[in-house]
Structure formats: C-alpha cells, structure tokens
Amino acid sequence: ELAERANVLRAQAATALANLHLARRQVEIVDENLALMDRFVELARTKYAAGTVTQSDVLRAEVEREGLRAERAAFTRDVELAGSALNVLLDRG
C-alpha cells in the first residue's frame with residue numbers, strides 16, 4: 001500500500017510539474033505575441049495618422065492587445081496555481 005501511495009504521489013507531482021511548465025510556456029508565448037501586437041498597434045496608429053487606415057482598424061488592434069493582456073493575466077494565475085499545487089505535493093507549502 002505504501003508503494004502504491006508513493007506511485008500515486010509521484011504521478012501527481014509529475015502532472016503538477018507538467019502543468020507548471022505548460023503555464024509558464026503559455027505566458028512566454030503571450031508575451032511574445034504582446035510584443036508583436038504592441039508593434040502592430042503603433043503601426044496602425046501611424047497609418048491612421050497618415051490616413052491610410054480607419055480609426056476602427058486602430059481600435060480593433062487595441063482591443064486585440066487588451067485581449068492578450070487578459071489572457072496573460074489568466075496564464076499568470078495558472079502559473080501560481082500550478083506552482084502552489086507542486087509545492088503542496090512536495091510538502092514545501
């Protein structure tokens with residue numbers, strides 16, 4: 001029974017570690033996309049100032065960027081939760 005419990009805990013720790021890695025990677029990807037979207041918003045603003053795109057194009061880009069920021073906040077919470085779950089399993093609470 002003790003060996004079975006150890007195997008269950010090992011599997012839970014492996015899952016928690018994988019979840020932590022995934023959440024961290026998701027934050028990294030969103031950060032990369034945010035950097036691109038920041039450049040895209042600036043480009044849209046420049047083009048709007050030059051009269052080559054409409055204001056709605058600029059607003060659409062800004063809304064997309066805000067959506068990415070919201071995603072980043074959610075993924076950051078996922079990192080915290082996954083880290084906490086791993087700490088509990090490793091008894092580092």
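User: Buried means under 20% relative accessible area, exposed means over 50%, and partly exposed is in between (1.4 Å probe, protein chains only). Which one is L90?

Analyst: L90 is partly exposed, because its relative accessible area is 42%. This is a predicted model, where local features need pLDDT of at least 70 and side-chain atom pairs count only at pLDDT 80 or more, while totals for chains, interfaces and linings use all residues. Residues are numbered from 1 along each chain as its sequence is written, and side-chain values use heavy atoms, leaving out hydrogens and water.

User: Where is L90 found?

Analyst: In the segment after α2. Helices are DSSP runs of H or I with at least four residues, numbered from the N terminus.

User: What follows α1?

Analyst: G51, with a positive phi near 85°.

User: Which residues of α1 are buried?

Analyst: A13, A16, L20, A23, V27, V30, L34, M37, V41 and A44. They pack against α2 (55-89). An α-helix has 3.6 residues a turn, so residues three or four places apart point the same way.

User: Which residues touch the most others in the largest nonpolar core?

Analyst: L20, V79 and L86, out of 15 residues in that core. α1 and α2 each supply at least two residues, and α1 gives the most, with nine. A nonpolar core is a set of buried Ala, Val, Leu, Ile, Met, Phe, Trp, Tyr and Cys residues joined through side-chain atoms within 4.5 Å.

User: What is L86 in contact with?

Analyst: Contact means heavy atoms within 4.5 Å. Leaving aside neighbours within four places in sequence, L86 is in contact with A13, A16, L17 and L20.

User: New topic. Is R65 buried or exposed?

Analyst: R65 counts as buried, because its relative accessibility is 10%. R65 is found in helix α2. Leaving aside neighbours within four places in sequence, its contacts are L34, M37, D38, V41 and R45.

User: And A73, which helix is that in?

Analyst: Also α2. At 34% relative accessibility, A73 counts as partly exposed. The C-alpha atoms of A73 and V27 are separated by 8.5 Å, with the two residues 46 apart along the chain.
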